[in-house]
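Please open the model in your viewer and keep the selection panel at hand.

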Amino acid sequence: MRVRTPHVLLVLLVAAAGALAVRYLQRAQMEQRLLETWPESAALDPALVQFAADRAVPALTEHCAVCHGANLHGDTLHGAPDLVDKEWIFGEGRVVDIEQTINHGIRSGDHRDHDLADMPGFLRAAPYARYHIDSLQPAEIDDLAAFILQMNGREAADPRAASRGKALFNKALCYDCHTESAQGDPSIGAPSLLPHGWLFGSSRDALVDVISYGRAGICPAWAGRLPPVTVRAIAIYLHDRSEKS
Amino acid sequence: MNSPDPAAVAARIAPAPGLFSGISWPADGRLSLVLLGLGAVLGLLAAGFSLFTAKGTATRSVPAEYIAVVNQRPIYVSDYLDQLMTQFNVSIENASVEQRRTVLDEMIREELFVQRGLELDEPSIDPDVRNALVSAVQAQIAVDATSQVPNDAELTAFYRAHLERYSSIGYMTVADLIQRPDAGGPAAGESLTNAAAALHSAQPLAVVKTRFGLEESGAAVGEQVYFAAKLHLGDRLFAAAAGLKSGEVAGPVKAEDGRLHLLYMVANTPPQPRTFALARNEVYGDYRQDLLRRIRDREFKYLEGRADIRINRAYQP
C-alpha cells in the first residue's frame, strides 16, 4: 500500500491537536477541581498539590521572588519573611489564611488587607500614627535591645542593661503586640522576637534601628491581578512546603 | 466554444433527495424571505426574554471560582471563605451547614441590596454612599500603586534625593547653667563668662558650678533626643547647643525666659544619614506615598479631562 506524505502529515496534525485538546481539558478539569475542593482538603490531595506546585512556581518566580528571594526564604533587606518555614506572621498557616494574604495583601490599601498595626519608631517625637505612645530615650532603646538579644541567647555587653530592658518591655507596651512571651501575635502580624522571627536582620544595629525608627512592611494585593486558581495554587504550594520544612 | 447544457446545470445544483425531499419549497426566492422573517421573530423573542427577565441571560453553570452568580454578578469563593473566617473564625472544612448557609445568605442579600442601590442611583443621593465610593476609588488607586513594586535602583534614587528624611535622630546631654539666685559676687553675665573660660580651660563642671555659684536650670536633664532638647531648652538655647561638640561651651546666651544661660555639652551625637539598607522600609513607604499622590493627581486630571463640566455662571467662584 502506498502512503502519501500529505496524508501522514494530516494524521500527525490531527493527533497533535487531539493531544493538545486532551491536555487542555485535563488542565481545565484540574483547575476546576482545585477551586471546587475545599482549601484544606485540597492540600491533602497529592494530585492537587502536585498540580498546584506546577502552577504556583512560575507565578511565585514572576511576582514574589523579587522581595522574598528566589528560594522564597525571605530577604532581610526587604523585610520580607520566609514563605516556606513554619513561622507565619499573619494567620495560622492554613491554606485559607495564606490565600487571604495573597488576595488582599499587607498594608496594600485593599479593604480586606492586613493593616491593624505597625512597629512604632520609639525614638521619634510621635512614635505611632495610630494612637499615642511615649517616645523612649536612646539609652532606653539600648536597654530594650540588650533584653531582646539576651532573650535570643546572645550575651548582653551589660547585664544590667538587659534587666532594665525587661522592665521597659512592659513600660513601652511591647508585650501588647509581641505578647508577654515575645512569641508574636499572628492576628495582627506582630512577629516573634525569638529566633527565626527577625524580619530585618539579626544584628544589634538592625535591632536598634527597628526599635528607633519603626517598620511597616507592605505586600501587594493580588486579587484581580492573578486568577483565583493561581492564588489557590500558590497558597497550597506554600502550605505544603511549610508543612514539610 | 460550446455553452453548457442548462438541464445538466439544473440537475447539478438541485438539492439531493433525502431529509427535505418531501417538503415542497416556495419558489422564486420566497424561501429566503420566510427564513429571514423566522430568524427575526426568534431574535426578537430572545432579546425580549433577555431584556425583561434577568434569568434570560443567566449562566446555567456557576464557574468554579464563584460561589454564586447573582444577576450575572459573581460572588467569589475567596470572599466567601474570608467572610466565614471573619464571622465565625472557621475554615470551610470546620464550618457547620448552618454557618455556611448564614454566610452565603448574607452575601447574596448584600449583593441584591447593592444592585438595588445602583438601580435607585443611591450614589447620587446618599452622601455616605458617595464618600464610600470616593474612598473605594482612592483605595483602588493605592492597591494599584502597591502592586508596582519598585526595584532597588528606583528606591536608591529616591533615597538619595530625600536624604534628609532618612537621617538618624540626634541626641545630646547638655548642662544648661544659670546663676543661682542666692549666689553673691559679680552680675550673672560676668559670672557666666568667667565660668565659660574656666570650662574652656578644662576645669571640671562640678568645680566650675561651685566656684561661680551656678546651677542647672533643670530644663534638659540627662540624655535628650534633639526634638525633646529643642522643646525643653527653647529655640535659642537649642540652636546654640546643637553645634557644640562634646566638651565645648556656648554662652552666655539670653534665652526666651530673659535670663542668661551657659551651655556645656557633655555629649552630642548629631543626626547622621541612615544607610539605605536600614532605611529601606521607610524609603519604600515614602516612595509608595509619593507614587500614590502622583497617580491620584493623574487620575483626577484624566477624569477631569474627559468630563463635560459646566458651572452655573451665577456661582462661578
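Helices (H or I, at least four residues) and strands (E, at least two) are DSSP runs, numbered from the N terminus. Residues are numbered from 1 along each chain as its sequence is written, while chains are lettered from A and ligands numbered from 1 in the order in which they are written. The model is predicted: local features need pLDDT of at least 70 and side-chain atom pairs count only at pLDDT 80 or more, whereas totals for chains, interfaces and linings use all residues.

Next, display the C-alpha trace of chain A, which spans about 100 × 35 × 30 Å along its principal axes. Of the 245 residues of chain A, 42% count as buried (20 or more other C-beta atoms within 10 Å of the residue's own; exposed means 12 or fewer, partly exposed lies in between, and C-beta atoms are placed from the backbone).

Now colour chain A by domain: select 5–114 + 219–244 for domain 1 and 138–213 for domain 2. These bounds come from an automatic or database domain assignment. The C-alpha centres of the two domains are 35 Å apart. Twelve residues of domain 1 and nine residues of domain 2 form their contact, a contact being two residues whose C-beta atoms, placed from the backbone, lie within 7 Å.

Which chain A residues meet chain B? Show both chains: the contact takes 42 residues from chain A and 31 residues from chain B. On the chain A side, elements giving two or more residues include helix H1 (5–36), helix H3 (46–68) and helix H9 (228–244). The largest share, four residues, comes from H4(A).

Move to chain B and select domain 2 (125–160 + 286–307) and domain 3 (168–269). Their C-alpha centres lie 49 Å apart.

Finally, centre on B:Gln203, in the loop between helix H7 (188–200) and helix H8 (205–211) of chain B. B:Gln203 counts as partly exposed because it has 13 C-beta neighbours inside 10 Å. Leaving aside residues up to four places away in sequence, B:Gln203 touches B:Ala198 and B:Val208.
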